Amino acid sequence: MYFIKNKILLISIIALFINATAIDKKKTKLKEITYNNKVTFPKHFNSDIFYLKKDFVAFKEAVAFKESQGKYATVNTLGYLGKYQFGRTTLQRFRIYNTQEFLNNPELQEKAFVALCKVNKWILRKDIKRSAGKTINGIKITESGILAAAHLSGAGNVKKFLRSNGSIRFSDAYGASIQSYLKKFSGYNVSIIKADKNAKV
């Protein structure tokens with residue numbers, strides 16, 4: 001009887017040991033899974049990997065986000081269209097008359113934005129040369145800021161603002177101003193855009 005009890009006790013101890021080992025392995029695996037699924041960040045990193053360089057691509061995407069949060073199908077309450085919020089008159093300048101087709105065509109919207117930048121750069125070429133690098137109303141004037149402001153208000157209004165040294169101002173129906181665009185979109189390298197009076201889509 002004593003022998004049987006000892007045998008049962010020994011078997012129980014072995015079973016407990018096996019079970020504890022299995023639990024420990026499960027815990028180890030769980031730790032490994034948890035560790036492997038952690039999102040880790042390097043202590044030091046090259047910002048070029050995480051952020052767009054301040055080139056024309058970054059410029060146009062920043063303008064698009066401000067205008068429509070980058071959504072191609074957006075039409076605002078005033079009837080401005082697409083990712084870059086084009087007015088119908090501006091589109092007609094580039095022989096775009098079908099607004100629904102325009103909204104459904106991302107490639108066409110991108111081409112229209114580039115073409116408008118080229119035209120605005122041509123209209124404002126003298127003002128860019130005279131004003132870039134100056135400070136007006138506490139804002140450093142840059143070529144990219146001028147192009148963004150022209151997209152907001154039209155090149156003519158930007159010309160008036162710059163030539164009046166900031167005394168003639170413009171804001172759109174939502175309160176966005178030439179000054180805010182000059183500041184928000186300053187310092188991008190938009191040299192890839194060449195001034196072209198007759199730019200086409």
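Select Lys83. At 3% relative accessibility, Lys83 counts as buried. Keep in mind that this is a predicted model.

Lys83 sits in the loop between helix 3 and helix 4, while Glu61 belongs to helix 3, so the pair ties together parts that are 22 residues apart in sequence. Glu61 is partly exposed, with a relative accessible area of 29%.

Next, select Lys60. Lys60 also forms a salt bridge with Glu61, with 2.8 Å between the closest N and O atoms. Is Lys60 buried or exposed? Lys60 counts as buried, at 14% relative accessibility. A network of salt bridges links Lys60, Glu61, Lys83 and Glu110.

Move on to helix 7, residues 125–131. Select Asp127 and Arg130. They form a salt bridge, and their closest N and O atoms are 3.5 Å apart. The two are three residues apart in this helix, so about one helical turn separates them. Asp127 counts as buried at 1% relative accessibility, whereas Arg130 counts as partly exposed at 45%. The count of salt bridges comes to eight.

Now look for the largest pocket. Its volume is about 630 Å³. Which residues lie nearest its centre? Select Glu67, Tyr80, Gln85, His151 and Leu152. The lining has 30 residues: 15 nonpolar, 11 polar and four charged. Helix 3, helix 4, helix 6 (106–123) and helix 8 (143–153) each supply at least two of the lining residues.

Leu78 lies in the loop between helix 3 (56–68) and helix 4 (88–93). Leu78 is partly exposed, at 49% relative accessible area.

Find it in the loop between helix 9 (155–163) and helix 10 (178–184). Arg169 counts as exposed, with 56% relative accessibility. Arg169 and Val158 are 11 residues apart in sequence, and their C-alpha atoms are 8.4 Å apart in space.

Finally, show the whole chain. It has 10 helices and two strands. From the N terminus on, the elements run α-α-α-α-α-α-α-β-β-α-α-α. Of the 201 residues, 34% count as buried.

Definitions and conventions
Residues numbered from 1 in each chain as written. Predicted model: local features only at pLDDT ≥ 70, side-chain atom pairs only at ≥ 80, totals over all residues. Heavy atoms only, no water. Helix = DSSP H or I, 4+ residues; strand = E, 2+ residues; numbered from the N terminus. Buried < 20%, exposed > 50% of the residue type's maximum accessible area, 1.4 Å probe, protein only. 1 Å grid on protein atoms, 1.4 Å probe; cavity = no way out; pocket = protein on both sides within 12 Å on 5 of 7 lines; lining within 4 Å. Points joined across faces, edges and corners; volume = space filled by probe spheres on them. Nonpolar A, V, L, I, M, F, W, Y, C, P; charged D, E, K, R; others polar. Salt bridge = Lys/Arg side-chain N within 4 Å of Asp/Glu carboxyl O.
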